[in-house]
Amino acid sequence: MPNTARWAATLTLTATAVCGPLAGAAHAAPEPATSSTLYAPSALVLTVARGESATTISPDRAVTLTCEPTASGTHPAAARACAELRASGGDFETLAGRGGGVCTREYRPVVVTVDGVWQGRRISYERTFANECVKNSSQGRAVFAF
């Protein structure tokens, strides 16, 4: 049942992030289509939970991150997180791969998931960090800091 609840929360947050900005657009006058107004969608739902696998636990926290056309969402550092994602080309493995901090060797696993769309392509990512310190010291500090 926790997996079903996780997917329901992910779908709800994704729908809110993607469709929320469109809610008031139905009554607005249509704008002429130009190449500067077109963009590939980038809307993500990030979750964090204590444990080794997202399939067996419920998330502790979840945030939304929309990077196009502007950085927004419930992520506490949306602009910095979007800048890090753009710099990595949307590669979450690159962001999570290198740590720069000094952390204890204590094993208290933390799992991060990312679901949504990045520049028009579907993203589903899961990474387990040894502990919260390792997660927070990864190269993608702003992306994973929520």
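Mentor: Start with Pro-69, which lies in the loop between S2 and H2. Helices (H or I, at least four residues) and strands (E, at least two) are DSSP runs, numbered from the N terminus. The model is predicted, so local features need pLDDT of at least 70, side-chain atom pairs count only at pLDDT 80 or more, and totals for chains, interfaces and linings use all residues. Residues are numbered from 1 along each chain as its sequence is written, and side-chain values use heavy atoms, with hydrogens and water left out.

The peptide bond from Glu-68 to Pro-69 is cis, and its omega is near 5°. Now to the sheet. It is open, has 4 strands in the order S2-S1-S3-S4, and its pairing is antiparallel; two strands pair if DSSP finds at least two bridges between them. Strands S2 (61-66) and S4 (121-129) are at the edges with a single partner strand each, so one side of each has no neighbour in the sheet.

Strand S1 (residues 43-50) runs antiparallel to strand S3 (residues 110-118), and 8 bridges join them.

The loop between S3 and S4 holds Gln-119. Gln-119 is not a glycine, yet has a positive phi of about 45°. Gln-119 is partly exposed, at a relative accessible area of 42%; buried means under 20%, exposed over 50%, and partly exposed in between (1.4 Å probe, protein chains only).
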